[in-house]
Amino acid sequence: MLEIINDYWVYFLIGQYPNGPLGGLVLTLLLASCGLVLALPLGIVLGLARVSPWRWLRWPVTGFVFVVRGLPLLMVIFWAYFFLPSVTGVKTDQFTTMLIALVVFDAAYLAEIVRAGIQGLPRGQMETARALGLDYGRAMRLVVLPQALRSMLPSLVNQFVSTIKETSLGYIIGLAEVSFIATQINTQVFTKPAQIYLILGLTYFILCFGLSRFAYWLERRLARRGMSMANSASAPKVSA
Amino acid sequence: MPLFDYSLLLTGKYHDMLVAGLLLSLQLLAASLVLALPIALVVALLRLSPLAPLRWLGFAYVETIRNIPLLAHMLFWYFGAPELLPEGIKQWLYAGHIEAYSAIIALSLYTAAFMAEDIRSGIRAIPTVQFEAGRALGFGFLSTMRRVVLPQALRVTVPPLISQTLSLWKNTSIATVIGVAELMYQAGQVESATFRSFESFAFASAAYLTVSLAITGLATWYHHRFPVRTI
């Protein structure tokens, strides 16, 4: 096992990078970070639409969220892989395809986290803001959202963990992320599949376990700092 | 060539392939669910056990499984694990449907970790006095669990378990990477044979969505039929 790590660790981390495209663990992290950063604004907009008082906005977005959440991520990736080129006319590479699929998929899940965050706040917050003369948009932006987003922080870290796990599905469209690289190492070494996939599992574990402990710590810390009113905001736990 | 060729999906060879894929996906769902539930119950009880080493065992199981993507589990159980077995068993395994068995093992172990946490929080939602009263009446740990705590806890646990079943249903699609001929795999096959990607993926999406919405509907029905009781 140590021998494999010794021989292949650079390849495992960055793929063929200086001589070829970036890959491996670095690509996994890059994809997950870009995915979450891009999905967050979209998720907030969709979440706001889900709780908006206007039906013409709420219904289509609710439908979208239900459809995306009812489909496996793999299905979303396939749609992106085969339809982006035919719609845009440009052949998108695997990274872009995967990024777009992740953004669409995560935005739907984040929308539900945002919705739970907003609905978890006491009704009085919105009513007070309106009574003070703010219109709906401003009351949302200045009073409700800042509090809701704060209580969402631990869920966001958890969503990042999910996104890291989701990037592994790039494997199926040949994206050179860490699972794909592990399989390539496996075909080169040939005789030690169990060790190689244990190393892969261990790598994901260290990364995701560390992050999920961080989310747990954050939750404790936010709860201690007098966030008692946001405690009822139970954002749904999401799984990949 | 028509824009959307329904006939491809309604009859013929490709229709049969897609339907066979859907049936296999449903079989994966059923087999994994049946295996995952008892494992989850055992792990949840381990996590609540009065003995520290057993608690640690449960914790280790849940955290290791949950923090590794299902894809990596599948690859390990398909490519890695059989290599570790003795030669005779290996031969016998490779002669059968090893990819389907690997997928079922990966799916059940993965789902069980999530379900164990749901069952555990269901048990913890039951006031401790219930447990204490059971013990005071002379029941042991396991009898108190079985006769007093679990019957109440499972009622609270069913909705999250249904939502884990939904995740499991979507996760069956990942079995395609190790070559299980389920719905996603068949959709890919039909796509590459006919170049009608829109039709084959539309069929697969509609099938996934139908089952997903049926599971969501089941959750809603349960919520109305058995509302949460406040004790």
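Visitor: How many residues of chain A are in contact with chain B?
Guide: 35 residues of chain A are in contact with 38 residues of chain B, where contact means heavy atoms within 4.5 Å. This is a predicted model, in which local features need pLDDT of at least 70 and side-chain atom pairs count only at pLDDT 80 or more, while totals for chains, interfaces and linings use all residues. Residues are numbered from 1 along each chain as its sequence is written, chains are lettered from A and ligands numbered from 1 in the order in which they are written, and side-chain values use heavy atoms, with hydrogens and water left out.

Visitor: What area do chain A and chain B bury between them?
Guide: About 3,100 Å², with 76% of it on carbon and sulfur atoms. Buried area is the accessible area (1.4 Å probe) that two parts lose on being put together, summed over both.

Visitor: Which three residues supply more of chain A's share than any other three?
Guide: A:Met75, A:Lys165 and A:Tyr197, which supply 16% of the area that chain A buries against chain B.

Visitor: And how many salt bridges cross that interface?
Guide: The rule finds one between chain A and chain B. A salt bridge here is a side-chain nitrogen of Lys or Arg within 4 Å of a carboxyl oxygen of Asp or Glu. The partners are A:Arg213 and B:Glu63, whose closest N and O atoms are 3.7 Å apart.

Visitor: What's the count over all chains?
Guide: Nine salt bridges by this rule. One of them joins the side chains of A:Arg50 and A:Glu112, at 2.9 Å from N to O. That pair links distant parts of the chain: A:Arg50 is in helix H2 of chain A and A:Glu112 is in helix H5 (residues 94-120) of chain A, 62 residues apart.

Visitor: Switching to folds. How many helices and strands in chain A?
Guide: Chain A has nine helices and zero strands. Helices (H or I, at least four residues) and strands (E, at least two) are DSSP runs, numbered from the N terminus. The C-alpha trace of chain A spans about 70 × 50 × 30 Å along its principal axes.

Visitor: Where does UniProt put the domain in chain A?
Guide: The unreviewed entry lists "domain: ABC transmembrane type-1" at residues 25-215 of chain A. Over residues 25-215 the chain is 84% helix and 0% strand, and the end C-alpha atoms are 21 Å apart. UniProt positions are given in the numbering used here, feature names are shortened, and annotations may be inferred rather than shown by experiment.

Visitor: Where is the domain in chain B?
Guide: UniProt, again from an unreviewed entry, places "domain: ABC transmembrane type-1" at residues 22-219 of chain B. Over residues 22-219 chain B is 84% helix and 0% strand, with the end C-alpha atoms 22 Å apart.
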